[in-house]
Amino acid sequence: MNKSRLRSIYSIPYTAWILLFVLAPIALIVYYSFFDLAGNFTLANYRNFFTSVYLKLTISSFWYAFLITFFSLLIAYPTAYLLTKTKHKHLWLLLIIIPSWINLLLKTYAFIGLMGLYGPLNAFLEAVGIGKQQILFTDFSFVFVSVYIFIPFMILPIFNALDKLNPALIDASRDLGADSWTTFRRVIWPLTTNGVKSGIQVVFIPALSLFMITRLIAGNKIITLGTAIEQQFLVTQNWGMGSTIAVFLIVFMFIIMLVTKGKEKGASDNGKAR
Amino acid sequence: MKSIIQSAILILIVSGILLFINAELNEGSKSGTGTITVYNWGEYIDPDLIKQFEEETGIKVIYETFDSNEGMMSKIEQGGTAYDISVPSEYMIEMMKEKNLLLPIDYSKIPNIKHIDPYFLNLPFDPDNQFSVPYFWGTVGIAYNPTLLEGQSFKSWDDLWDPSLKQRVILVDSARETIGMGLNSLGYSLNSTNLGELREATDKLKTLSTNVKAVIGDEVTQLMINNEAAVALTWSGQAADMMYENEDIDYVVPEEGSNLWFDNIVIPKTAKNIDGAHAFINFMLDPEIAAQNADYVGYSTPNLSALDLMDPEVVEDERFYPDIETRAHLEVYKNLGLELLGIYNELFLEFKMDMK
């Protein structure tokens, strides 16, 4: 009796949080998405979303989010693996995490200077004989800066998964005659996929709604769903259309969560030798 | 567990002390006759003047900035803010009037209004200046750096389409300016409500996309100063800022016509200190203050008496102070309503999506 009352008291902060800051805002967004500029109930916003401009926007958002996630993973996995093998692994990890505490806008502005025609990057290219290149305002600069920003979030869950991996399993694999590639493919990778999946979640979803970097680094040559939502709310003042795009973004998020949902048996369970 | 509780208590104590110190500091500064909150464009006032105003009147100024008319209006409309002063452009003043977001100006408290050039008073967007007082004015045009180019000149908007300018033109991230440039280049009105004309302008802009290096905001000033960019669609005062830092840069308003705009000071209905707001407006209209401000900001002042105090070279510069005849050739934005604003922005989005 007493125990269950205590439990219901404990659940108050969580329930209040979910209601006020998750369910209520989503409900409001869905509600607003059914109204036009004049405040009349309409489905026109949804019809409008399926016109060529917004469909193209969605496809290009997905493409760039995919690129960003792919390159983050490509760099993060070996890095995380290397880190778990080092002596002071938590110190090295911390050094990678620290830059993510610095304000995003500051880091972005720094890249404008670094990638400029007269910046250090171009000075280097000139010195090695390649010559000046237009780096800023290209696909390359956008993907590069985004990967730089997201990489700590990809490394962290993969690092945790690898760290929990029981080394005895790798030894066993070796003893049974597997070479290192087979060990990686059949033992290490399957036991760390949950880390990879949560890494993909925390990178792909925010990458879909990146804004500001699209303007500062890509010069608006790349537009994401996030940029479009910002424009609808602040410039066009069409809250209905902005909410509609946001509804689709939320739907996409749920789909990605479903696709990348980890199976119940996590790396931590499997890692334990039974 | 124990150490967690200890550190939690420590954090609470430290935060409490900081909160107390903060409250004490604010208390000290509120000793004058209140505060006013000024909501202005970025880089749009000489900061020394804010200090001078605080010293002369004892009113403390809280200063905040915005970067678009629309963003500014939605913040005021939603409430929860206490802005006493804002500086919208003419079409936005029209819209804010419609939405009853402005308070009338009491001219018995603003004797300095006599210094303002009558040309800038009683304009169609605010008859008898019931709700707004002129602050700055200017044009939209092309800033370019001849030393980075091969002798191109920019007499016409069409010169931006020159094949030699591949990946060199910077546009401004604002639908009315950029779509407006497309309209101007075809000889249509900047306030076009004709969907066919708007379609044509967008299609024409799309043919410019190979020449476009980027579509950005205020960052363009720094790029032009550092010779990173050669050509930019920009406002006259921003061009003046660039030219102040980099003497190679020139500014031109193309012959097909362009936008003439006015930014006026208003008192939003969110104002808490209406007397303080009037004092601020009167202070900004003082000829000496206005001259110093215009010198700092780089835009054109509507203050006739201030012009006499300024460098004649600046005031006689036709690029920044075009004569009345040239001005008649330019077009002022009208409030087109949200429906058309949405269409302008969707076409602009379509253009941006088309760039590669």
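Modeller: Let us begin with burial: a residue is buried if 20 or more other C-beta atoms lie within 10 Å of its own, exposed if 12 or fewer, and partly exposed in between. Please keep in mind that this is a predicted model.

Biologist: Which class, buried, exposed or partly exposed, does Q167(B) fall into?

Modeller: Q167(B) has 13 other C-beta atoms within 10 Å, so Q167(B) is partly exposed. Its place in chain B is the loop between strand 5 (132-144) and strand 6 (169-172).

Biologist: What is to be noted about the phi of Q167(B)?

Modeller: The general idea is that most residues other than glycine have a negative phi. Q167(B), although not a glycine, has a positive phi of about 60°. N227(B) is another non-glycine residue with a positive phi, near 60°. N227(B) belongs to the loop between helix 7 (219-225) and strand 8 (231-235) of chain B. With 16 other C-beta atoms within 10 Å, N227(B) is therefore partly exposed.

Biologist: How many helices and strands does chain A have?

Modeller: Chain A has 13 helices and zero strands. Along the principal axes, its C-alpha atoms fill a box of roughly 75 × 70 × 30 Å. Of the 274 residues in chain A, 33% are buried. Among the contacts in chain A between residues at least 6 apart in sequence, 71% join residues at least 24 apart.

Biologist: What covers the buried residues of helix 14 of chain B?

Modeller: The cover includes elements of both chains: helix 3 and helix 11 of chain A, together with helix 5 (175-185), helix 6 (195-206) and strand 7 (212-216) of chain B. Among the buried residues of helix 14 are L341(B), Y344(B), E346(B), F348(B) and K352(B). Helix 14 (residues 337-354) has 18 residues and reaches 26 Å from its first C-alpha to its last, close to the 26 Å expected at 1.5 Å a residue.

Notes
Residues numbered from 1 in each chain as written. Chains lettered and ligands numbered in written order. Predicted model: local features only at pLDDT ≥ 70, side-chain atom pairs only at ≥ 80, totals over all residues. Helix = DSSP H or I, 4+ residues; strand = E, 2+ residues; numbered from the N terminus. Contact = placed C-beta atoms within 7 Å. Expected span 1.5 Å × (residues − 1).
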